[in-house]
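Biologist: I would like to learn how to read a few features in a model. Can we go through them one at a time?

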Amino acid sequence: MSARTLQNAYGTLTEPTTLTVQRRLPGPIERVWAYLTESDLRRQWLAAGDMPMQVGATVELIWRNDELTDPPGQRPEGFPSEHRMSCRITELDPPHQLAITWGSTGGVSFVLAEDGDGVLLTVIHRRVNERSTLLNVSTGWHMHLDVLVARLTEQQPAPFWDRWTDLKHEYEQRTPV
């Protein structure tokens, strides 16, 4: 992992309700794209779910965060062992951009750009209006992207829930009230 990756690990508010998180990942760009779009690879760091490659297609994302790391750590109270969400693809430009709807927020964009021998992944999550939701979204993207970095660099990620809990406390301090 480069110093640049470590310096920019935290998500930032690029607008009052827009979270932007970046990671520099090992390439090639097609490999990173596969981890975004192919269910078997995406479930290793985020959520499973078949993703037809066309604008307007529906995608059901299925989170099983307890399966992302071994051990998973202690799941916080109130979080189920499985979570499902129906999304729709709103933008698609393989292998550079994917945007999907995301629950009650304004949606998520994934932008990939070649960066030397690596790939810069930018995740933009829009219209996250409530602080409590922003804290969970910030913490979640940070942790899930840390797992993605570990998968792509063939390293062992930290126990998901233990690190998630630590990050949540950090984001509570970093995020304006």
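Biologist: How do the residues of the lining of the largest pocket divide into nonpolar, polar and charged?

Modeller: First, the classes. Ala, Val, Leu, Ile, Met, Phe, Trp, Tyr, Cys and Pro count as nonpolar; Asp, Glu, Lys and Arg count as charged; the others, Gly among them, are polar. Here the lining has 11 nonpolar, 11 polar and three charged residues. This is a predicted model: local features need pLDDT of at least 70, side-chain atom pairs count only at pLDDT 80 or more, and totals for chains, interfaces and linings use all residues. Residues are numbered from 1 along each chain as its sequence is written, and side-chain values use heavy atoms, with hydrogens and water left out.

Biologist: What is a pocket, and which residues lie nearest the centre of the largest pocket?

Modeller: Take a 1 Å grid over the protein atoms alone. A pocket is an open set of points where a 1.4 Å probe fits, with protein on both sides within 12 Å along at least five of seven lines; lining residues have an atom within 4 Å of a point. The largest pocket is lined by 25 residues, and Trp63, Phe79, His83, Trp102 and Asn136 lie nearest its centre. Strand 4 (83-93), helix 4 and helix 5 (160-174) each give two or more residues to that lining. Helix 4 gives the most, with six residues.

Biologist: How many salt bridges does the structure hold?

Modeller: A salt bridge puts a side-chain nitrogen of Lys or Arg within 4 Å of a carboxyl oxygen of Asp or Glu. The structure holds eight. One of them joins Arg24 and Asp115, at 3.0 Å from N to O. Arg24 lies in strand 2 (residues 18-26) and Asp115 in strand 6 (residues 105-115), so the pair ties together parts 91 residues apart in sequence.

Biologist: Which other residue forms a salt bridge with Arg24?

Modeller: Asp117, with the closest N and O atoms 3.0 Å apart. Asp117 sits in the loop between strand 6 and strand 7 (118-126), 93 residues from Arg24. Arg24 is partly exposed at 23%, while Asp117 is exposed at 67%.

Note on methods: Helices (H or I, at least four residues) and strands (E, at least two) are DSSP runs, numbered from the N terminus. Buried means under 20% relative accessible area, exposed over 50%, partly exposed in between (1.4 Å probe, protein chains only).
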